[in-house]
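Please examine the sequence and the structure below before reading on. The explanation is meant to be followed with the model in view.

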Amino acid sequence: MSPRLLFWIPAVLRLLLTFGGAGLIGLFFGPVAGLAVGLLAMTVAIVVQLNYLYLLAGWLDDPGKVRLPDGWGAWTDIFSRLYRLRRDDERNRTELTEWLARFRQAMSLLPDGVVIMDDVLFMEWCNPAAERHLGLRDDRDKGMRVTNLIRNPDFIDYIILGRYDQPLTLSLRERKLIVQIIPFENRRQILVTHDATETERIEMMRRDFIANASHELRTPLTVINGFLEIASGQPNLDAVTRASHLKLMTEQGRRMQNLVEDMLTLTRLESIDYPLRLERVDMANLLDQILHEARALSGGKHTITLVNDAPDINGSADELRSAFGNLASNAVRYTPEGGALTLAWQMGRGGPQFSVQDTGIGIRAEHLSRLTERFYRVDKSRSRETQGTGLGLAIVKHVLLRHDAILAIDSQPEQGSTFIVRFPMTALAEAMAA
Ligand SMILES: Nc1ncnc2c1ncn2[C@@H]1O[C@H](COP(=O)(O)OP(=O)(O)OP(=O)(O)O)[C@@H](O)[C@H]1O
Ligand SMILES: [Mg+2]
């Protein structure tokens with residue numbers, strides 16, 4: 001049966017019952033009594049309807065607090081439908097609130113910044129990444145125009161030109177940001193920001209590395225090519241000159257070889273496919289080798305002493321030999337004749353440590369933080385004399401990183417330097433075995 005019939009049939013029956021009852025009373029007790037009963041019945045019906053309307057109005061004012069009665073007649077159906085509507089509405093609202101909370105949480109975890117703006121660039125909402133990138137505050141800046149909040153000429157130009165299909169690279173608050181505006185929903189726009197500072201830094205390091213490496217290789221190559229041209233242009237060169245040219249060419253060739261080997265070592269140390277192989281390192285043996293190499297390099301021009309006063313550690317013997325050897329060879333090469341060097345393996349406060357102390361030329365404080373950068377040399381001309389490539393300490397740094405060790409440098413110009421490698425207590429071979 002249709003809902004309309006369902007509504008009307010009981011209503012008409014109820015009316016017929018009322019008027020029929022009034023008619024019957026009129027028949028038995030006279031028309032005045034019938035009219036009075038009819039009027040009374042009508043009045044009661046109107047009062048009941050008005051009461052329900054009153055209750056409905058009260059419920060509409062505050063549906064959360066006020067309860068609807070079960071109702072009578074057609075009202076029962078109306079009230080139960082209203083209840084259902086309200087329950088659906090509450091469920092939808094809860095779902096929407098949960099969804100919004102999830103959306104906000106996802107947005108707050110995004111590494112990229114998102115700012116939602118209206119069509120005239122007034123900010124409506126932004127996530128924490130956008131706050132960090134652009135210096136905005138969601139609670140404070142809501143309703144402000146983004147061009148008033150991000151006062152950067154490039155950004156303003158980008159807005160004026162309106163070429164939003166292209167992203168814009170922006171230098172803002174010491175960061176490199178890639179920003180783009182994406183229009184959506186006709187009357188809204190999203191501003192997306194991506195922090196490219198780290199990518200830019202790595203890209204710059206890569207460019208610097210290639211530039212430095214090519215520069216370092218070009219010098220010996222130029223020397224070798226020059227001598228080769230002389231040799232082919234003047235086949236009758238005297239034996240002494242030829243021997244001296246060959247000697248210089250061999251030196252430059254060796255220099256290139258060292259450079260390439262160092263670069264390969266660095267690449268290998270950085271590679272994740274080359275994990276550290278831990279073994280018990282025989283420190284007495286390793287220190288002897290370092291001392292022997294340092295003495296050979298010095299050729300008796302320095303006094304070199306060794307102190308071995310700490311137990312063995314776990315690590316890669318080859319890598320540690322290369323790192324310690326680098327520090328010792330630096331001390332020899334940057335200490336004038338007659339100087340003194342001390343190589344020491346001792347227990348420090350936080351763990352075992354290897355130190356190389358020299359009485360050499362020393363390093364000025366402003367260079368200290370940059371020494372482990374690739375190709376960084378304090379005095380390029382002097383380093384060239386000593387055949388240095390500037391990769392030694394970069395290799396040391398990487399080896400130490402793989403061993404959880406740190407490098408500390410203490411140096412005074414003209415007085416000497418101390419390079420200390422500090423290992424954690426856990427590096428001790430016995431500690432690992434325990
Ligand atoms: N003991 C030291 N005394 C003074 N200066 C030093 C000492 N050790 C390193 N340096 C300075 O630090 C720079 C970087 O050292 P690093 O070992 O990285 O390069 P290098 O010795 O020039 O070349 P390589 O080690 O690749 O042959 C050196 O060029 C030198 O200027
Ligand atoms: Mg070196």
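This is a predicted model: local features need pLDDT of at least 70, side-chain atom pairs count only at pLDDT 80 or more; totals for chains, interfaces and linings use all residues.

Residues are numbered from 1 along each chain as its sequence is written, and chains are lettered from A and ligands numbered from 1 in the order in which they are written. The pLDDT is the predictor's confidence in each residue, on a scale from 0 to 100. The chain has an average pLDDT of 90, and 97% of its residues score at least 70. Helices (DSSP runs of H or I, at least four residues) and strands (runs of E, at least two) are numbered from the N terminus.

Four domains divide the chain: domain 1 (3-102), domain 2 (110-195), domain 3 (199-270) and domain 4 (279-433). Their bounds come from an automatic or database domain assignment. Between the C-alpha centres of domain 1 and domain 2 the distance is 55 Å.

The sheets may be taken in turn. Strands of a sheet pair through backbone hydrogen bonds, either parallel or antiparallel. Here two strands are counted as paired if DSSP finds at least two bridges between them. One open sheet consists of five strands in the order 2-1-5-4-3, with antiparallel pairing. Strand 2 (123-126) and strand 3 (168-172) stand at its edges with a single partner strand each, so one side of each has no neighbour in the sheet. On average, neighbouring strands of this sheet are turned by 25° against each other, direction ignored. Axes are lines fitted to C-alpha atoms, for helices over the stretch in contact, and angles run from 0 to 180 degrees between N-to-C directions.

Within this sheet, strand 3 is joined to strand 4 in the antiparallel sense over five bridges, and S171 has K176 in strand 4 as its bridge partner. The two strands form a hairpin with two residues between them, and R173 in the turn has a positive phi of about 45°. Strand 4 (residues 175-184) in turn pairs with strand 5 (residues 188-195), antiparallel and over eight bridges. Along this pair, I178 stands opposite H194 and I181 opposite L191. Strand 4 and strand 5 also form a hairpin, here with three residues between them, and E185 in the turn has a positive phi of about 50°.

The other sheet is likewise open and has five strands, in the order 7-9-10-12-11, but its pairing is mixed. Its edge strands are strand 7 (303-308) and strand 11 (406-412), each of which pairs on one side only. From one strand to the next, the twist averages 10°.

Which strands of this sheet run parallel? Strand 7 and strand 9 do so, joined by six bridges, and T303 stands opposite A340 in strand 9. Strand 9 (residues 340-347) and strand 10 are antiparallel, paired over seven bridges, with L341 opposite D358. These two strands form a hairpin with four residues between them, where G351 in the turn has a positive phi of about 160°. Strand 10 and strand 12 run antiparallel, joined by five bridges; F354 has V421 in strand 12 as its bridge partner. Strand 11 and strand 12 are antiparallel as well, with seven bridges, and I409 stands opposite F419. They form a hairpin with three residues between them, and E414 in the turn has a positive phi of about 70°.

Helix 10 (residues 283-298) lies across strand 7 and strand 9, and runs at about 175° to strand 7. Helix 11 packs on the sheet and touches strand 9, strand 10 and strand 12 (416-422), its direction making about 20° with that of strand 10.

Note on methods. Two residues are in contact if their C-beta atoms, placed from the backbone, lie within 7 Å.
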